[in-house]
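Work through the exercises below with the sequence and the coordinates at hand. Each task is followed by a solution in steps.

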There are 2 protein chains.
Amino acid sequence: MTDGTDRGLPDELLRIRGSIDNIDAALIHLLAERFKCTQAVGRLKAREGLPPSDPGREERQIARLRALAEESGLDPVFAEKFLAFIVAEVIRHHEDIAANGPQSR
Amino acid sequence: MTDGTDRGLPDELLRIRGSIDNIDAALIHLLAERFKCTQAVGRLKAREGLPPSDPGREERQIARLRALAEESGLDPVFAEKFLAFIVAEVIRHHEDIAANGPQSR
């Protein structure tokens, strides 16, 4: 994502920006795949009459992501906020499915 | 992340949850790597006296992530919210560096 507007910036900055852009592309593709999974979970739970939320599962996810964050040098508080951010979107999808049927997303 | 508390849930649900857990581990590791990059950018900009924010770069990032989201079946509005969420954390890190020096994070 280098273009004319980057002229005059240090090479090192442009190299790091290139890495950020590669990481962002990977993040977007993984998020797309993760929402496919949670949409499948939403449909399955609706079909089987299972409750939409599972507080025990969520607690285990938070504990695991915090531990993975510590291992990889990421702020565990941020990891927990990140999961909450994603889960808010998942709930929005599930509400769509509940309101508009399983074909809605 | 399967344990006794998952008993009685459909196998299909447990399989999808396993995929979600794998994707989350990958997301956490990529986010850790992304923040290493933005922290390096913050130090470099401070050293070179470059302005902390670059609105042109941010506009190009938003446009690119929205396009990648559309390609991969992710809501582009969510992709944009996701970038804003990450950038808010990056700004918090840069404020830390500005307040406490380059060794603070």
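**Exercise 1.** In this predicted model, describe how helix H2 (residues 55-72) of chain B packs on helix H3 (residues 76-100) of chain B.

Solution. 
- The axes of H2(B) and H3(B) lie 8 Å apart, at an angle of about 140 degrees.
- Angles over 145 degrees count as roughly antiparallel, and 65 to 115 as roughly perpendicular, the rest between these being oblique. H2(B) is therefore oblique to H3(B).
- The crossing of H2(B) with H3(B) is right-handed.
- On H2(B), the contact is made by Gln61(B), Ile62(B), Leu65(B), Arg66(B), Ala69(B) and Glu70(B). H3(B) contributes Pro76(B), Ala79(B), Glu80(B) and Leu83(B).
- By class, the residues of this contact are 6 nonpolar, 1 polar and 3 charged.

**Exercise 2.** Determine which helices of chain A supply the side that touches chain B, and give the classes of its residues.

Solution. 
- Contacts join 41 residues of chain A to 41 residues of chain B.
- Helix H1 (11-48), helix H2 (55-72) and helix H3 (76-100) of chain A each supply at least two residues of that side of chain A.
- H1(A) gives the largest share, 24 residues.
- The side of chain A that touches chain B has 26 nonpolar, 7 polar and 8 charged residues.

**Exercise 3.** Find the relation between chain A and chain B.

Solution. 
- Leu27(A) is the residue of chain A that comes closest to the rotation axis, its C-alpha being at 3.2 Å.
- The copies meet through the same surface, because 100% of the interface residues of chain A are also interface residues in chain B.

How values were computed: Residues numbered from 1 in each chain as written. Chains lettered and ligands numbered in written order. Predicted model: local features only at pLDDT ≥ 70, side-chain atom pairs only at ≥ 80, totals over all residues. Contact = placed C-beta atoms within 7 Å. Helix = DSSP H or I, 4+ residues; strand = E, 2+ residues; numbered from the N terminus. Nonpolar A, V, L, I, M, F, W, Y, C, P; charged D, E, K, R; others polar. Least-squares fit on C-alpha atoms with pLDDT ≥ 70 in both. Axes fitted to C-alpha atoms, helices over the stretch in contact; angles between N-to-C directions. Parallel < 35°, antiparallel > 145°, perpendicular 65-115°, else oblique. Left-handed = near helix turned anticlockwise from the far one by under 90°.
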